[in-house]
Amino acid sequence: MLSAPITTKSNSPRSCFTIICHLLLGLFALCASSVALAQGKTAAQYLPADVKLDPAIPTPESVIGFKVGDWHIRHDLLVNYMRRLADASDRVSLEVTGYTHEQRPLLLLTITAPENRSKLPDWQAAHIAQVQQGKKPGSDAPLFFYMGYSVHGNEPSGANASLLVAYYLAASQDERVTRLLKENVVLLDPSYNPDGLSRFAQWANMHKGQVLSSDPADREHTEGWPNGRTNHYWFDLNRDWLMMVHPESRARITRFQQWRPHILTDFHEMGTDSSYFFQPGVPSRKNPFTPEGNVRLTNALAEYYVKAFDQQKQLYFSQEGFDDFYYGKGSSYPDAQGSIGVLFEQASSRGHLQDSINGPLAFAKTIQNQFTMSVAVFDGAMANKAAILDYQQNFYKETEELASQDDHAAYLLHEPLDAWRLEQARWVLAQHNIAYQVATQDLEVNDTTYAAGQTLVVPLAQPQYRLVKALFSTQQKFVDNTFYDVSNFNLPLAFDLDFAPMSSRELRRAKLASATAVAKPTITAVQQNAYAYAFEWHHYKAPALLQRLSAANVQTRIATKAFTAKTASGDKAFAAGTIVIPQGVPQPSQLTVLLNQAAQDSGVPLLSITSGFTQQGIDIGSRSMVPVTAPKVLLVGGEGVSQYEAGEVWHYLDTQVGMPVTLVEQQRLARIDLNNYTHILFVGGRYDLSGKLADTISDWVRAGGTLVGQTSALRLFSQYKWLDVKLTSREDVAELFSEKSLTFGERAAHNAQQLVAGAVYQANIDISHPLYYGFDKSTLNLFKTSNMMASSSASPLVVPGRYSESPLVAGFSADVLAEEIAGSVATMAQPMGKGRVIGFIDDPQFRGFWYGTNKLMSNALFMANAIN
């Protein structure tokens, strides 16, 4: 009807008015349609049709003040509703399992029939006995569900759907729910990542208008830096289930191990133009320690997801795109322990309404789908209950059989100089209920002696056998070489601990005892009249001690050469990198009080040196004792910069070293007075610096500053000649792989061959170089997550770390890549005027748990003056 007036040649006021009216009416109709499409709904409208609901149970909208899907739920409103629900329903109890970095409570709801409350302790005990001792469950034993939502904060449909799931289970009077709760227990974790959820809710809500914009280019759908995916320190919590760096993960794993649920759900979102994914994933890409029984049950459950979505004509897919290899994710961590982890991925509206190839995608629709799948999990599990109960007993028996057939009987972990890293390994084992013991006498294994008290032994004949094998794996060849995440997560390699397999005979001969902690080094009070004081740099917490002393204006020196000195407890040999605190320079009053307290708090022993004259090596007053300059660090962030790597540096310096960091977005860097800082750090990312700013940074380095870069930031360093290094491009890597005879269908596997998706590589290092002070071996295991390679003709003084000739230690890399990486640059430290430029090809703080290389960053900060 609009075409005739628009094409008419009449120019009368009336015809123009008609055209305008038609256009306005059309626009109004379009806007009204968009608003209707994106409106939230009452809780009852999301639930199955004709369900009878208990009116005494408060609806979500009556508590939060709006219909679910109208706005993105803030975490405080989510918590408030769950508390109200627990108060109103005798089916629901609530506990706070911990707090996030930002002190938001982590909730777990236990939902079951009221008459089951008194049975829960016995049910739980019987179930744990079944898991740990292989006891057969009764036919009337309950299933334990762990329903978890939105580990990525900007994937909020899950957390919003948790409102509906909790309400449905508390209020529904239909047989479907009453039977479920009469016979089983639902543990509901409404938000795995409260800090990230809150950050994203603020972003989405602050950009919502009364008339919604569905344009993907709208700011609502394009988050600022850092986005809400991550937690407070910008970490991906879905990669933290194994090492538990963060409080959210620690709280969750504690409850998982207390309950050992039969099924754990992990609700995510993916790209807007996708549909809906549910497991099983790619069959060939599961972890080899995950049994086929798990796959069969995952398929059986999926039949109910198919049924639910087929009825709704909802688009979905399965068995592609996602794998189940890395046990550090929510959907795969349970698989190593007899539980069934299930991943769900909903196309994301990334706001309230967004256009997609499948039409406008409304937030309310994404919530509906997550609720539908939650209910389908219950339906599928109830239909397969007998098989699921039997599976955990079969899992125990199969695991016991695997352990009995293993070529090894145990693994040992050993660290003679740094009790902190060994204790961290022990703590990780304990959190996962992995059995271990401490050697009470020296162990002789494969002609090597491992000291008592500094060695942990992990037997393989235990229920957690599969998880132990994964944590100690050095596998390099795989059936399918495509990885959604890392291809190795070896615990001792990450913590830079010696480890070795043990035979049955060696295990029988070992003298072992149980322990709840690794013995800490003895901290003896320093003498007030000492000539100087010293502490060694091989302790993980030595940088934290030095930072505390520097902040208190204590004058310290770096011993750039080894020496042997008289101490209050006898002659002591000190390695290069030792920190010396001389009394012969201005020091704060009550120095010894300050030193004693700092040593106790850090757990790093301080020794009293009685004379400035040493038995061997440099004297205390030597010019080779280089003064420490307290670091003042500027960390470059902002759009284009990896929030993960920036967060890892911030987290390490903040939580492990106790050092404040100034974060400046790269867009503001030109307006900052760089002379206020001793160090500038560039992590991986895309940088766009003007030539003028680059010149300013160059002048700052020449005047004495320290410039530090890692991973892809080194492309910037190469561009401006801050480092004399040549980096490979994507095209360089592609040329290593022939495309002759390649079919179109093989392109994905061909491209996967060119990646280094998280593998461990060994470098040869110069431990006399300041960048490697505190390391006691000439090799170091580095975690490589990219195929970027660096070459340089600079001398070994500038390149103190190169990959070894056979560098691949664990994980997958194509042979041709490993061969190219062999002998290439791992680290650089290049003088530039009075300053220096330091480069790390890899990420020393990977995911916050690669403790074996963390100290490289501290050395770049504290030891910089010694590099020239």
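Begin with helix H26: 12 of its 12 residues are buried, so the helix is largely enclosed by the rest of the structure. Keep in mind as you look around that this is a predicted model.

Select residues 851-862 to bring H26 up. The buried residues you'll see are Tyr851, Gly852, Thr853, Asn854, Lys855, Leu856, Met857, Ser858, Asn859, Ala860, Leu861 and Phe862.

**Into the core**

Next, pick out Phe495, Phe535, Phe682, Ile697, Leu707 and Trp722. These have the most contacts inside the largest nonpolar core, a set of 165 residues. Which helix gives the most to this core? That's H26 again, with six residues.

Now zoom in on Ile697 and show what surrounds it. Setting aside neighbours within four places in sequence, Ile697 is in contact with Leu669, Leu674, Phe682, Leu689, Leu707 and Trp722. Apart from that core lies another one, of 72 residues; to find it, select Val51, Ile64, Val79 and Tyr276, which are among its members.

Head back towards H26 and stop at Arg847, in the loop between strand E35 (835-840) and H26. Is Arg847 buried or exposed? Buried, with a relative accessible area of 18%, against a cut-off of under 20%. Its backbone deserves a look too: phi is positive, about 55°, although Arg847 is not a glycine. For background, most residues other than glycine have a negative phi, and most peptide bonds are trans.

**The loop between H9 and H10**

Jump to the loop between helix H9 (194-206) and helix H10 (247-259), where you'll find Pro226.

Like Arg847, which has a positive phi, Trp234 is not a glycine and yet has a positive phi, of about 65°. Trp234 is buried, with a relative accessible area of 8%.

**Last stop: Pro280**

Finish at Pro280, in the loop between strand E6 (276-278) and helix H11 (292-312). What kind of peptide bond runs from Gln279 to Pro280? It is cis, with omega near 25°.

Key
Residues are numbered from 1 along each chain as its sequence is written. This is a predicted model: local features need pLDDT of at least 70, side-chain atom pairs count only at pLDDT 80 or more; totals for chains, interfaces and linings use all residues. Side-chain values use heavy atoms; hydrogens and water are left out. Helices (H or I, at least four residues) and strands (E, at least two) are DSSP runs, numbered from the N terminus. The expected span of a helix is 1.5 Å times one less than its number of residues. Buried means under 20% relative accessible area, exposed over 50%, partly exposed in between (1.4 Å probe, protein chains only). A nonpolar core is a set of buried Ala, Val, Leu, Ile, Met, Phe, Trp, Tyr and Cys residues joined through side-chain atoms within 4.5 Å. Contact means heavy atoms within 4.5 Å.
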